[in-house]
Amino acid sequence: AGNPQKISIKVSIDSEGKIIDCITVKHAESTGIGDKCATDKYYESWAGVSAEEVVVSRGPIPADSTAPGAISGATYTTQGYQKAIKAAFAAFELITEGGAADEQ
């Protein structure tokens, strides 16, 4: 059933509720598979993603997955990262009292 490890990330969210940037601070993911979560290409794949677009993947990640954060062959890494991003958006919702600033 695997031994899930913690992934620590930093994520920046703009006032519109979209990811500006993210970076993996710490991980213990498999070399050549899960460690793809710590690459510039992976970080760039999150740019512009909103809270509504983040869904924690279920089951094995197929090679053609277009889900934000999906890494084929790295289900636990994918799920961990997606959960961490969801937690960042939850914090964003709390500090902005409901999310993106719609008021003008």
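The stops below begin with the whole chain and then turn to single elements and residues.

**Before selecting**

This is a predicted model, in which local features need pLDDT of at least 70 and side-chain atom pairs count only at pLDDT 80 or more, while totals for chains, interfaces and linings use all residues. Residues are numbered from 1 along each chain as its sequence is written, and side-chain values use heavy atoms, with hydrogens and water left out.

**Stop 1: the whole protein**

Display the chain as a cartoon. Two helices and two strands are present, and along the sequence they follow the pattern β-β-α-α. Helices (H or I, at least four residues) and strands (E, at least two) are DSSP runs, numbered from the N terminus.

Next, show the surface. The accessible surface comes to about 6700 Å², of which 51% belongs to carbon and sulfur atoms; such areas come from the Shrake-Rupley method with a 1.4 Å probe, and for residues only the protein chains shown count as cover. Of the 104 residues, 32% count as buried, where buried means under 20% relative accessible area, exposed over 50%, and partly exposed in between (1.4 Å probe, protein chains only).

**Stop 2**

Select residues 8–13 (strand 1) and 19–26 (strand 2). These strands pair in the antiparallel sense over six bridges; two strands pair if DSSP finds at least two bridges between them. Serine 8 stands opposite lysine 26 in strand 2. The hairpin has five residues between the strands, and glycine 17 takes a positive phi near 80° there.

**Stop 3: the aromatic cluster**

Select Tyr42, Trp46 and Tyr81, which ring pairs link into a cluster. How many aromatic pairs does a search of the whole structure find? The search finds three. Tyrosine 42 and tyrosine 81 form an edge-to-face pair, 4.9 Å centre to centre with 90° between the planes. Tyrosine 42 lies in helix 1 (residues 40–45) and tyrosine 81 in helix 2, so the pair ties together parts that are 39 residues apart in sequence. Tryptophan 46 and tyrosine 81 form a stacked pair, 6.0 Å centre to centre with 25° between the planes. Tryptophan 46 belongs to the loop between helix 1 and helix 2, 35 residues from tyrosine 81.

Rings of Phe, Tyr and Trp (its six-membered ring) pair if their centres lie within 6.5 Å; planes under 30 degrees apart count as stacked, over 60 as edge-to-face and the rest as tilted.

Are tryptophan 46 and tyrosine 81 buried or exposed? Both are buried. Tyrosine 42 also counts as buried, at 6% relative accessibility.

**Stop 4: the nonpolar core**

Of the 19 residues in the largest nonpolar core, Tyr42, Trp46, Tyr81 and Ile85 touch the most other members. Such a core is a set of buried Ala, Val, Leu, Ile, Met, Phe, Trp, Tyr and Cys residues joined through side-chain atoms within 4.5 Å.

**Stop 5: threonine 77**

Finally, select threonine 77 in helix 2 (residues 75–95). Threonine 77 is buried, with a relative accessible area of 4%. Its side chain makes a polar contact with the side chain of glutamate 29 (2.4 Å); a polar contact is a pair of N or O atoms within 3.5 Å, and within protein one must be able to donate a hydrogen and the other to accept it, while residues adjacent in sequence count only if both atoms are side-chain atoms.
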